[in-house]
Amino acid sequence: MSKEDMVNHPPHYNQGGMEVIDVIEAGIGDQGFIGYLLGNILKYLLRFKHKGKPIEDLKKARWYLDRLILVISDKEKPTPNE
């Protein structure tokens with residue numbers, strides 16, 4: 001029996017074979033997605049002491065921070081025409 005990963009791949013965020021985070025990224029564009037990631041990082045950092053699952057919330061904040069780092073890293077890569 002596999003344990004659900006409530007931080008990296010919560011089952012309620014994957015419907016129809018697509019993760020919600022990927023749909024959001026495709027739908028709101030680069031700058032909107034960066035703001036979305038920052039908002040989620042702050043949300044989990046500000047509430048980790050209050051929800052009863054502090055380690056899970058801190059891991060979620062880290063997950064969004066790691067995703068932000070990937071987005072920024074991808075934006076800094078030179079394009080093939082450069």
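Leaving aside residues up to four places away in sequence, Y44 touches D57, K60, A61 and Y64, where contact means heavy atoms within 4.5 Å. The model is predicted, so local features need pLDDT of at least 70 and side-chain atom pairs count only at pLDDT 80 or more, whereas totals for chains, interfaces and linings use all residues. Residues are numbered from 1 along each chain as its sequence is written, and side-chain values use heavy atoms, with hydrogens and water left out.

**Overall build**

The chain holds 2 helices and 2 strands, which follow one another from the N terminus as β-β-α-α; helices (H or I, at least four residues) and strands (E, at least two) are DSSP runs, numbered from the N terminus. Of its 82 residues, 22% count as buried, with buried meaning under 20% relative accessible area, exposed over 50%, and partly exposed in between (1.4 Å probe, protein chains only). Among contacts between residues at least 6 apart in sequence, 54% join residues at least 24 apart.

Helix α2 covers residues 54–76. With 23 residues, α2 reaches 33 Å from its first C-alpha to its last, close to the 33 Å expected at 1.5 Å a residue, the expected span being 1.5 Å times one less than the number of residues. The buried residues of α2 are D57, K60, A61, W63, Y64, R67, L68 and V71, and they pack against α1 (20–47).

The largest nonpolar core has 12 residues, namely V7, I21, F33, I34, L37, I41, Y44, A61, W63, Y64, L68 and V71. Both α1 and α2 supply at least two residues of this core, and the largest share, 6 residues, comes from α1. A nonpolar core is here a set of buried Ala, Val, Leu, Ile, Met, Phe, Trp, Tyr and Cys residues joined through side-chain atoms within 4.5 Å. In soluble globular proteins, nonpolar side chains tend to be buried together.

**Salt bridges**

A search of the whole structure finds 5 salt bridges, each defined as a side-chain nitrogen of Lys or Arg within 4 Å of a carboxyl oxygen of Asp or Glu.

| Pair | N to O distance |
|---|---|
| R67 and D22 | 3.0 Å |
| R47 and D57 | 3.9 Å |
| E56 and K60 | 3.4 Å |

R67 is buried because its relative accessible area is 15%, whereas D22, at 34%, counts as partly exposed. D22, E25 and R67 are also linked in a network of salt bridges.

R47 lies in helix α1 and D57 in helix α2, so this pair ties together parts that are 10 residues apart in sequence. R47 is partly exposed at 26% relative accessible area, while D57 is buried at 0%. E56 and K60, by contrast, both lie in helix α2, 4 residues apart, about one turn of the helix, and K60 is buried with a relative accessible area of 13%.

**Surface**

The chain exposes about 6,200 Å², of which carbon and sulfur atoms supply 59%; accessible areas come from the Shrake-Rupley method with a 1.4 Å probe, and for residues only the protein chains shown count as cover. L45, I55 and L58 make a nonpolar surface patch of about 250 Å². Patches are made of residues with over 30% relative accessible area and no salt bridge, like charges being joined within 9 Å and nonpolar side chains (Val, Leu, Ile, Met, Phe, Trp, Tyr) within 5 Å. I55 lies in helix α2 and counts as exposed because its relative accessibility is 54%.
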